[in-house]
4 protein chains.
Amino acid sequence: MIKVAVIGASGYTGVELLRLLAGHSQAEIVAVTSRQYEGVPISQVFPSLGGYFDLECESIDIESIAARADVIFTALPHKSAMDVIPDFLKAGCKVVDLSADYRLRDQQVYEQWYQSHSSPELLAEAVYGLPELYRDQIKKARLVANPGCYPTSVALGLAPLLARQLITTDSIIIDSKSGTTGAGRGAKEASLFCEVNEGFKAYGIASHRHTPEIEQTLSDLSGEPIQVSFTPHLLPVDRGILSTMYATQTKGFSTSELLDVFKIRYAKEPFVRILPEGQLPNIAYVRGTNLCDIGLVADQRTGRVIVVSVIDNLCKGAAGQAIQNFNLISGIDELSGLSAAPLFP
Amino acid sequence: MIKVAVIGASGYTGVELLRLLAGHSQAEIVAVTSRQYEGVPISQVFPSLGGYFDLECESIDIESIAARADVIFTALPHKSAMDVIPDFLKAGCKVVDLSADYRLRDQQVYEQWYQSHSSPELLAEAVYGLPELYRDQIKKARLVANPGCYPTSVALGLAPLLARQLITTDSIIIDSKSGTTGAGRGAKEASLFCEVNEGFKAYGIASHRHTPEIEQTLSDLSGEPIQVSFTPHLLPVDRGILSTMYATQTKGFSTSELLDVFKIRYAKEPFVRILPEGQLPNIAYVRGTNLCDIGLVADQRTGRVIVVSVIDNLCKGAAGQAIQNFNLISGIDELSGLSAAPLFP
Amino acid sequence: MIKVAVIGASGYTGVELLRLLAGHSQAEIVAVTSRQYEGVPISQVFPSLGGYFDLECESIDIESIAARADVIFTALPHKSAMDVIPDFLKAGCKVVDLSADYRLRDQQVYEQWYQSHSSPELLAEAVYGLPELYRDQIKKARLVANPGCYPTSVALGLAPLLARQLITTDSIIIDSKSGTTGAGRGAKEASLFCEVNEGFKAYGIASHRHTPEIEQTLSDLSGEPIQVSFTPHLLPVDRGILSTMYATQTKGFSTSELLDVFKIRYAKEPFVRILPEGQLPNIAYVRGTNLCDIGLVADQRTGRVIVVSVIDNLCKGAAGQAIQNFNLISGIDELSGLSAAPLFP
Amino acid sequence: MIKVAVIGASGYTGVELLRLLAGHSQAEIVAVTSRQYEGVPISQVFPSLGGYFDLECESIDIESIAARADVIFTALPHKSAMDVIPDFLKAGCKVVDLSADYRLRDQQVYEQWYQSHSSPELLAEAVYGLPELYRDQIKKARLVANPGCYPTSVALGLAPLLARQLITTDSIIIDSKSGTTGAGRGAKEASLFCEVNEGFKAYGIASHRHTPEIEQTLSDLSGEPIQVSFTPHLLPVDRGILSTMYATQTKGFSTSELLDVFKIRYAKEPFVRILPEGQLPNIAYVRGTNLCDIGLVADQRTGRVIVVSVIDNLCKGAAGQAIQNFNLISGIDELSGLSAAPLFP
């Protein structure tokens, strides 16, 4: 059994990590931390976990935790993550970081969108944890920067097109919609049931922090710098991200030809499902799983291709992908703990 | 009192018309029809209306209804509408048609997206009932083609930009999201609670029938033929449409400059609210009203402008706009029956 | 025009008062207060109200407000209400209080369930504002204690049975379910969208503060002291209360006989609708209105009667009833501002 | 591997069986049937299952299916189930029946609440599949009648009290609330999203078909005939049942004493969680699992005990319990395929 700790377990990403780890046959949780709930059993913080874990929330004592754990999942807000990760690494642990702190390779870009970085020397070492694109590097990594939820949905939806130069790089528009778990478990008026329910809005237009992360990956794929328009929206559902992506085609392929490109690209990927022509994805069909479903349409009238990708933002968009990365850095089956079928309805 | 009849009263558009007419001081409903519920009191079809109306649903007897009514609201599916409207007109009634049958001026376009047209001679006469663009013609109309819900949200959101040539006409991408009342009250598996709730999907990509209607209005505004990419999505809420619209700017205006253009254009419009810079609309804030809220952001990085507009799809997107048109053709105050504040939460 | 002020306007009860007052032809709002949003336009606190009100939120300056207003609506938490109401009364204003502070006639009972009372001398004067039971007293009142949401649904559902001794007084069980606006607009983890959505729970079993209020009214009706079992539950909807009430019959009447009792009792009540036999109420059919719908079934097998009543908790359960009381104490038409039809769906 | 077939796979109970069987290490699905979708891949009927199953829906050919399968799950409507079950038994299969057809031991009672029974001789043989009460009989059964969803929540919530005569048998009132999957996947107007969402209603008061099933089990437990008041309600959520149960105590135990009775009774039950004093269950905390959470309060004022139990109606209330029964009749670990933690949020 590989010993793991979950740092910052009392948020929605934390409970999802615990849910998945409860069903993982090769991982054993040795510590969970929460500042807010120190000393409280995690099964009281999340009654859903009653009977699954006996653990009490600890404070973050790096030495003590590192002595017990092989791999650390950090599910902290950005900035808080970089306060502890260097020490966990020094103590010999591997780290899968679910914050944004090590996702951007360029310190300057990070500091422009977030704040100053306290361990920029690790930016070069950290591996961006999107297995479908960077699997080989992840396997050897000591520090995995688990991707953001929106960037995951976008990168998987555009990778086959960019890698084969099938779209123009200045035409990309990304219209994303996320479930409300994406806003976290903090008690804010804007996240109240009656503010979100029966509502729908855009936010962070042209200014959302996932923009540079998206652009870094798309530029990697294309080999040239890419800028996108990215608009996130808040959906009145618990889980799920759907990204609708627009780009101008370079070659005028048909829907079926483009679907073939996707099928070939993802033929060996266990978590990507390419839908048949005429079918479009729904967030309801990936709920609770590490799956990414992708559909697309080539619009002959406008010369554009419209790609739609969906993931569960808490799972493939956060905790599930973190487990996938954990499996890769631990040298175990990539599907361990991630094979359950979606919960529908 | 102006006597009105609602033809096809048992759908969601029907009940919304009745709700609004219940509060309209100058309209009296003299007949409601429903094939499915003939002989049934409308307050049994919609228990919400108990105490508001004594009417029983009738079958469509044009002669009998025309003898009692001055103005006819047709809330029928396309094709069914054109089966009765010419006769209501011949009988001397004015008609506000909520179907798609008289919205497209070009018979050929109509027949390409729908089916053959049985009264094409009326296409030239019918006035497209978007008061913010065609108020003067509507006032004189005998037959008003009430706009579709998506096209209303799009036309109001793009009109100021197109009228002043502030965006390039080949760059327009429209990503729309609609509440489930838009799918009607027919008993279909895809509209079941458990299929829609906690779900989200795109549909009709590059093939939705509102596309030519959108393009007709935008082309009117711009003076040249426009083609757009239009993607509708299904939201797990009862009411509301939010359209996120992307276009490349021609002049590089700032957010505040563009907002000024909108404020000037809509200064005298009672149902359009332009939000201050930094604020974006939410469907929850227009619920139950004829309002359209608009916000926008000029993205200096990409040179695009992103406009977000919201309406209540059943109200400004259907029944409310129909009442507004009714008020105009009847020569009464345009706000009659439409002044109630939004229901929030 | 009667001048009114809304004290505590930034909660859900506040915005509902403002929504209804926006459509009230004989009331003019001269002041709104909010500690949290002092100096902020109310249309920024609630964007739904944009264009309806120009007012800025004030702090509570009793002298200044009393100089401008005839009637005060206090939409404050209990305890905060009693801190200001005596002074508003001294300054010559009438008050409709939406808190719990003056609902219980017995100071001792109040202090047992809440905390010590600072103006117990007003308890005898305050009139419990349930017009269907206490209309004549309300008309003459200076201080109206607007009923709680649960107690309103219960009192209307049981009044006809208790007044005619048709049920045994020790057999009453009340199982109530409320929409989430009932939990207020405070930013609490338990009220977050992802905590409430797709969930359902009971709370406050055998200890909810509405219990003594329910018992006071039922005892009034029956003429003897009544104790009930009362269990509230939290519904994942914005608005609505449904109370399912069980009691043992004394006379073995049939469903239709009992319905006749209700129809006679409420024949002249404009806001109570008794449903026909075989039909049961739904919170969706009273949304946004001051209506109370009631259905019932006499169960011959068990000798019990089961009554189901529904209201909109924000409207007949709070702000709507407050307007109804305002109309009564102002000597104007009881339906003023309250005649709009329900918003369905 | 045990070979199983799912008869009637295209409903919500069907898809839940398939979801659970996908994660069951000792079951192999050899056939799925659907009249409506004959010839269609099950992964097209339920896109969530894409990649998990290759099966096509068959028609019900008993001989062919019995030749391939050891155990049959029948997820058909009542009446349809009894049309095929006797033949599956004759062909040597074991059957877990999720319909109501073999739940009631008394043919007369069955025929009074449903319709005439075509294989009454099997009523005596069939075992009621509630493992917490009838585990030993189930292990030896050839035909298991899987309990209804409401009856499961009620029996588990009242068993400890009735078995120890802690409540009076004529005082039981059951107020239950179910998610909308309970209404099935049939396309009915009443199940449409916009009819259910933001709504809440009671239905089938004093006449719901689960009443005799509840009474049969409670009478078994108590040793004397029991009649209850049972009121189901429809919740605007996908999954979950919460039953609030009221009964008069015989001995005046405290909350903590009664909780001890429950803890002892269920100490060895893997799927029942008794909550600590002061905590009440929420349907959200058992989502997707076979768990039943129970909380209670002894109300000293009224002498009643109020028990609240929750289950996932599709899982412990249907498919999960069916798998539990399958495990028991197959002689394998009772938790096989049922150990995943709840999906929260």
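In this predicted model, the side chains of Glu213(A) and Arg103(A) meet in a salt bridge, with 3.1 Å from N to O.

Where they meet, 15 residues of domain 1 of chain A are in contact with 14 residues of domain 2 of chain A. On the domain 1 side, Tyr12(A), Arg103(A) and Trp113(A) lose the most area to domain 2 of chain A, together 46% of what that side buries.

Now to another meeting place, the one between chain C and chain D. Here, the contact takes 49 residues from each of the two chains. In chain C, Glu198(C), Phe200(C) and Arg301(C) lose the most area to chain D, together 19% of what that side buries. A salt bridge joins the side chains of Arg301(D) and Glu215(C), at 2.4 Å from N to O. E8(C) gives the most to the side of chain C that touches chain D, with 4 residues. By class, that side of chain C has 25 nonpolar, 11 polar and 13 charged residues.

Here are the two meeting places in a table.

| Parts | Buried area | Share on carbon and sulfur | Salt bridges | Residue pairs in polar contact |
|---|---|---|---|---|
| Domain 1 and domain 2 of chain A | about 1,400 Å² | 47% | 3 salt bridges | 9 residue pairs |
| Chain C and chain D | about 3,900 Å² | 54% | 4 salt bridges | 28 residue pairs |

Methods:
Residues are numbered from 1 along each chain as its sequence is written. Chains are lettered from A and ligands numbered from 1 in the order in which they are written. This is a predicted model: local features need pLDDT of at least 70, side-chain atom pairs count only at pLDDT 80 or more; totals for chains, interfaces and linings use all residues. Side-chain values use heavy atoms; hydrogens and water are left out. Contact means heavy atoms within 4.5 Å. Buried area is the accessible area (1.4 Å probe) that two parts lose on being put together, summed over both. A polar contact is a pair of N or O atoms within 3.5 Å; within protein, one must be able to donate a hydrogen and the other to accept it, and residues adjacent in sequence count only if both atoms are side-chain atoms. Helices (H or I, at least four residues) and strands (E, at least two) are DSSP runs, numbered from the N terminus. Ala, Val, Leu, Ile, Met, Phe, Trp, Tyr, Cys and Pro count as nonpolar, Asp, Glu, Lys and Arg as charged, and the others, Gly among them, as polar.
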